[in-house]
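Take a look at the sequence and the fold before reading on.

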Amino acid sequence: MNRRTFLTAATFTALAVTMAPVADGRAAAASDPTPGSRADALLARMTAADKESLVRCDFAAVAHLGIPALTMVDGSAGLRGERGVTAFPVPVAQAATFDEELAGRIGRAIGTEARAKGYNNVLGPTVDLARTWHSGRQAEGMGEDPLLAGRLGAALTLGIQDRDVAATVKHFAAYTQETNRLVTDTEVSDRALHEIYEAPFRRVVAATPTTSVMMAYPRIGGTFAAQNPALFTDLKKTIGLQGYTVPDFWAGDDQVAAARAGMDLAGLGPAGVKIPAGALTGGTIPGERLNDAARRILITMFAHGLFDDPVPAPADDVSTPGHQDLAHEAAVASTVLLTTAPARCPCPGH
């Protein structure tokens, strides 16, 4: 199924926002144009039900406030599932270039094509580390080096967001295998978690604190990543994320518990299990947590142009000769030649 059809028909309500409510969202910038202040001004006008609707991904219910619907597409190597777009080398090949400037140009190209196809949120880049050779998504990440993954991931994220499209860096954290990915329990020491698996995200967030971050599928130390308060504390308090968190599609088993733990855009939780209206108000989760979740979503939207530069109507073919040349350049730069040193006699003097 086409990703756009799935998201707009089954998860989100695609809605054309009239110019009057859009003006409400933009008016928040009148006295102070920072994303945080604009978010605070709009948040002050929202009811508890409005905030809950935003967290539940019910964008139709907040359209009167000028809040745009998120339209998402996977974009680690070009726009997944779309026609008339450029196919870039997979991220593990991009990493083999060791070229941050090139990664930034790839990010800008992906962001440009996403906007032209009507998307305002690219699900990528992926900075999961390669630890299991038979992991089915290994090519979607950038290899085993936390430093390299973090630096190239930051360059890609900045490039995507340079085109008034929000990026969603994924998957936090310690997601290294596909086998039983929805239920597996990853046991990892705190030191390895912080110094290895969280390290790429630390570099991305340092470069762009208002980006969004996707939480991983597995349990980490017995608790689903999407419902793990310790992981949210690491990401938001220690690493410094100002933007929102979102679960991988259908991750975890309790969306209300996820929202309570620190999930912001919680409406993409377990398949067939939707957060009913009213489930996040009336004390189910602290009001401060609901405010924080809604505010983080708005900050990312304001910071990356979703209010001020709405996406156009989707075009059929958005690939360009320049983007195709860039894909070829990246493919050439990613080529690695391995040589075997000639055998040497161990005898002294030989």
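Which residue of β7 is the bridge partner of Arg-219? It is Phe-224. The model in view is a predicted one.

Arg-219 belongs to strand β6, which covers residues 219-220. Strands β6 and β7 run antiparallel and are joined by 2 bridges. They are part of an open sheet of 3 strands. The order is β4-β6-β7, and the pairing is mixed. Strands β4 (185-186) and β7 (223-224) stand at the edges. Each has a single partner strand, so one side of each has no neighbour in the sheet.

Now turn to strand β5, residues 212-215. In a regular strand, side chains alternate between the two faces of the sheet. In β5, Ser-212 and Met-214 point one way. Val-213 and Met-215 point the other way. All four of these residues are buried.

Strand β5 pairs with strand β3 (residues 166-172) in the parallel sense, over 4 bridges. Here Val-213 of β5 is the bridge partner of Val-169. Strand β5 is also joined to strand β8 (residues 245-247) by 3 bridges, and these two run parallel. Met-215 has Pro-247 of β8 as its bridge partner.

**Two helices in contact**

Two packed helices are described by the angle between their axes and the distance between the axes. Helix α7 (residues 146-161) packs against helix α9 (residues 199-207) at an angle of about 35°. Their axes are 8 Å apart. The crossing is right-handed. On the α7 side, the contact residues include Pro-146, Leu-147, Ala-154 and Leu-158. On the α9 side, they include Pro-200, Arg-203 and Val-204. The residues of this contact divide into 9 nonpolar, 3 polar and 2 charged.

**Aromatic pairs**

How many aromatic pairs are counted? The count comes to 4. Two of them are set out here.

| Pair | Centre to centre | Angle between planes | Type |
|---|---|---|---|
| Tyr-175 and Tyr-217 | 6.0 Å | 80° | edge-to-face |
| Phe-302 and Phe-307 | 4.0 Å | 10° | stacked |

The tyrosine pair links distant parts of the chain. Tyr-175 sits in the loop between β3 and β4, and Tyr-217 in the loop between β5 and β6. The two are 42 residues apart. Both Tyr-175 and Tyr-217 are buried. Phe-302 and Phe-307 are buried too. Why is the phenylalanine pair called stacked? The planes of Phe-302 and Phe-307 are at 10°, and planes under 30 degrees apart count as stacked.

**Two buried residues in helices**

Ala-39 lies in helix α3, residues 35-43. Is Ala-39 buried or exposed? Its relative accessible area is 0%, so Ala-39 is buried. Ala-39 and Met-301 are 262 residues apart in sequence, yet their C-alpha atoms are 8.9 Å apart in space.

Val-256 lies in helix α11, residues 255-261. Its relative accessibility is 18%, so Val-256 counts as buried. The cut-off for buried is under 20%. Leaving aside neighbours within four places in sequence, Val-256 is in contact with Ala-279, Leu-280, Thr-284 and Ile-285. Lys-274 is 18 residues from Val-256 along the chain, and their C-alpha atoms are separated by 9.6 Å.

Technical notes:
Residues are numbered from 1 along each chain as its sequence is written. This is a predicted model: local features need pLDDT of at least 70, side-chain atom pairs count only at pLDDT 80 or more; totals for chains, interfaces and linings use all residues. Side-chain values use heavy atoms; hydrogens and water are left out. Buried means under 20% relative accessible area, exposed over 50%, partly exposed in between (1.4 Å probe, protein chains only). Two strands pair if DSSP finds at least two bridges between them. Contact means heavy atoms within 4.5 Å. Axes are lines fitted to C-alpha atoms, for helices over the stretch in contact, and angles run from 0 to 180 degrees between N-to-C directions. A crossing is left-handed if the near helix is turned anticlockwise from the far one by less than a right angle, and right-handed if clockwise. Ala, Val, Leu, Ile, Met, Phe, Trp, Tyr, Cys and Pro count as nonpolar, Asp, Glu, Lys and Arg as charged, and the others, Gly among them, as polar. Rings of Phe, Tyr and Trp (its six-membered ring) pair if their centres lie within 6.5 Å; planes under 30 degrees apart count as stacked, over 60 as edge-to-face and the rest as tilted.
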